[in-house]
Amino acid sequence: MRRQTANLATLKHVVSSLEGRNEHQFVPDPASDATRLTFGEELLDDHLEGGLLSGCMHEIRCDYARDIGAASAFLCAFLARNHARSGKLVWIVDPAARIDAGQMSPDGLWQLGLDPSDVILVHPRDLKTAIWTAGESAREGGLAAIVFQVKGNPKMLDLSVSRKLMLRAQASQTPFFLLRQGGQEEASSATTRWQVTPLSSDQNQDFKQGIGPMRHRLTLERNRTGQTGNWPVSWQSAQRTFRHAATKISPTRYLSAVSTSRDRPDLPLSMGQIMAFERAS
Amino acid sequence: MKELPETPPLVIFDTIQNALRITAHEKSERLSGIYVGQSLSDARAINPHIECIEHDYSADNALLHSIARWCERYTPLVSMSGEDGLFLDITGCAHLFKGEAAMLEDIEKRLVGQGLDVKLACADTPGAAWALCRYGQTRIAKPSGHVPLIEPLPLQGLRLGKDEVQALNKLGFKTIGCLYNIPRAPLAARFGSLVLSRLDQALGDIDEVLSPLRPVSELVSEKRFADPIVDEEDIKRTIFLLCENAVPNLERRGLGMQACELILFRANGEIETIVTEASTPLRNASRMAALFDERLAALHDDWEAGFGFDILRLSILRAAPFHEDQQKLIVKEQAGTAEETSHLIDRLSARLGKDRVQVFAHCDTHIPERRFALQSALDAEEAKSFPTLNTHQQSVITRPLILFSNPERVDAIAEVPEGPPLKFLWRKVSYDVVRAEGPERIACEWWKDGRTAYTRDYFRIEDREGYRLWLFRHGLYERETQAPNWYVHGMFG
């Protein structure tokens, strides 16, 4: 299967060169499986012809502000999986996104598989300097990845800015992720655009009432190099891979609606047989 | 003070011993009959047109400080002397200005040009210079020639208190010279050690230590221009040359730059200071200059060259031993990326401010919001990693990725006494809990919060739509509170 996709990619490359498209058309280099960021789930990786391209900009967005937990957890898990490339992770937070997105916690990062000491958090004063910071970081070659977190669809972050960021990421071969909290779909230069929504978690094998591995619905809304699609995936933290988790998990309530009695005597047992009482009158 | 035309004559007054008295006035023909120490009402009677302004000591002090900063163009060692004077230690600096006389002339010309009234004197000791400046006729005392010069000056020239001067005057000591040849012991017994130590300081028998306003830098390199420079390109070029000039000196001492300061002296007397820091000791001129470029670019909007700058001075405030990277040849690539990253951190910190580029620092506590702090990436120690979690903790997610620094209060329906919440309203959205894990009990830190602080019972919950959140109940039922509040503290993925 992998062999076939490689051939397909080679063919596409040949076709695009025949058509005389310029180099910025994000044609994947066929012999560069190493520069792909993978999910570890064949279904997804094959769909993406081996994974996400490394030296490119990818956008991850969520519809609602409260989905930012899901979107950033997915991104962190994805980066933890692809963190073989040593180097620091620069996480730039637009001040507008900081107000209700809270603060990343090192314990949470650890449990998703990222070393907190590899993360450099940048909190610029305003969006303009945030964009400058993103551009400057994208120029640097030695980083593991860059995450630029913005809120909504700011006007300043237009097509030409995203094009500039994309070109710089391409030149330095650094993966660049635009994390958009509560934003609409917007045209940008990103190679792929993903939407992340939380799904009910998988069954926890050890503890039935408990919360299992996190599940998300990934919607590939835009893909410059192939088709779009959507998949429910769950994160297997022990193996550091994503798994396709299509099985419908019904959100049954594991909590009893009424509290059981605690630390007090049980109900009195019924004593003997209840006889019909005589009529009172 | 100079006379200002077309405005009423200016006098400054202050409340001295419950009376408004004049403390300063402009030098003008229009103010004849008015003198310092006169009461304000007398002055008004003589000249009803005067404009009176109350003495502002803090403004005086601020002005003196700014003059002191400006004086750093002559020597790095400038210190304050009382409320109205400055000491400049010009040892080894005078020849740069073609000698002491030319230097004093230059200082006088520039300060008078700025509208200030100055008196200058130069001598072997600060005490002698102080006396000469205020009471003497000669401006420059030749080397070791200050003793006869201060001999005829009044005793006030010794920086003594009013009472001591009066007492000495009563005894017939009118000039400094009177004290030269009298027995010292009775003088010390009568007036304390101050009189003698001031005398010795003025004569140079004991050293007087001047404490400079600003710490002395490791290295200073500066460039002076006959014509002030205005163009940004020129400034950048000069900064690069200054950095290049400092590098060989750093090399000789085996040091690398950690923090340095660029002082730009404007032609009109103002001073701009830019301080930058580096995460690792630097010895590369272009990298050092790049840090200033970022700061200049950040300042660009609200900063104008104006009349231009006539001196640019680069002082290296802090330097640390520079380790030549011996590993470089073997693992060249890794060393290269680490260096590039530290350079990126330096540049971002220079442009955005060092508190905006941060890394996590671990704190040893169980309270979730106190478990970590954000620390400037520049100050962070190298290679300090977080305590790793054990494998069990890694496979089960128990801590949220996103933590709210201020837990958010929610309205919740929960099992009593210690059950998880069943329903709650957070940010105006209702959450219907279907799964919950908990409670994980985290007790307060009584040594910080006091004994009455509540315990927290944390629950990981998942709602019907799949949102995974971290909630806690603040307080134990009945034992601590009757109506505990619920808070959302974090978001899982």
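Hi everyone, let me start with one pair of side chains: B:Glu465 and A:Arg66 form a salt bridge, with 3.9 Å from N to O. Before I go on, please keep in mind that this is a predicted model.

On the side of chain A that touches chain B, helix H5, residues 106-112, supplies the largest share, namely 7 residues. Sorted by kind, the residues on that side of chain A come out as 30 nonpolar, 26 polar and 14 charged.

Let me step back to the whole interface. Contact involves 70 residues of chain A and 63 residues of chain B. Putting chain A and chain B together buries about 5,900 Å², and carbon and sulfur atoms account for 57% of that area. Which residues of chain A lose the most area to chain B? They are A:Arg66, A:Gln111 and A:Ile211, and together they make up 15% of what that side buries. You will remember A:Arg66 as the partner of B:Glu465 in the salt bridge I opened with.

There is strand pairing between the chains, too. Strand S5 of chain A, residues 103-104, runs antiparallel to strand S12 of chain B, residues 402-414, with 2 bridges between them. If you want to find the spot on screen, go to A:Gln103, whose bridge partner in S12(B) is B:Leu403.

Staying with chain B, follow the chain to the loop between S12 and strand S13 (421-426), where B:Pro417 sits. The peptide bond from B:Val416 to B:Pro417 is cis, with omega at about 0°.

Last, some backbone torsions for those of you who like to check phi. B:Asn18 is not a glycine, yet its phi is positive, near 60°. Where is B:Asn18? Look in the loop between strand S1 (10-16) and strand S2 (19-25) of chain B. Is B:Asn18 buried or exposed? Its relative accessible area is 79%, and the cut-off for exposed is over 50%, so B:Asn18 counts as exposed.

B:Glu478 is another non-glycine residue with a positive phi, about 65°. This one lies in the loop between strand S16 (468-474) and strand S17 (485-491) of chain B. With a relative accessibility of 65%, B:Glu478 is exposed.

Terms used. Residues are numbered from 1 along each chain as its sequence is written. Chains are lettered from A and ligands numbered from 1 in the order in which they are written. This is a predicted model: local features need pLDDT of at least 70, side-chain atom pairs count only at pLDDT 80 or more; totals for chains, interfaces and linings use all residues. Side-chain values use heavy atoms; hydrogens and water are left out. Contact means heavy atoms within 4.5 Å. Buried area is the accessible area (1.4 Å probe) that two parts lose on being put together, summed over both. A salt bridge is a side-chain nitrogen of Lys or Arg within 4 Å of a carboxyl oxygen of Asp or Glu. Helices (H or I, at least four residues) and strands (E, at least two) are DSSP runs, numbered from the N terminus. Ala, Val, Leu, Ile, Met, Phe, Trp, Tyr, Cys and Pro count as nonpolar, Asp, Glu, Lys and Arg as charged, and the others, Gly among them, as polar. Two strands pair if DSSP finds at least two bridges between them. Buried means under 20% relative accessible area, exposed over 50%, partly exposed in between (1.4 Å probe, protein chains only).
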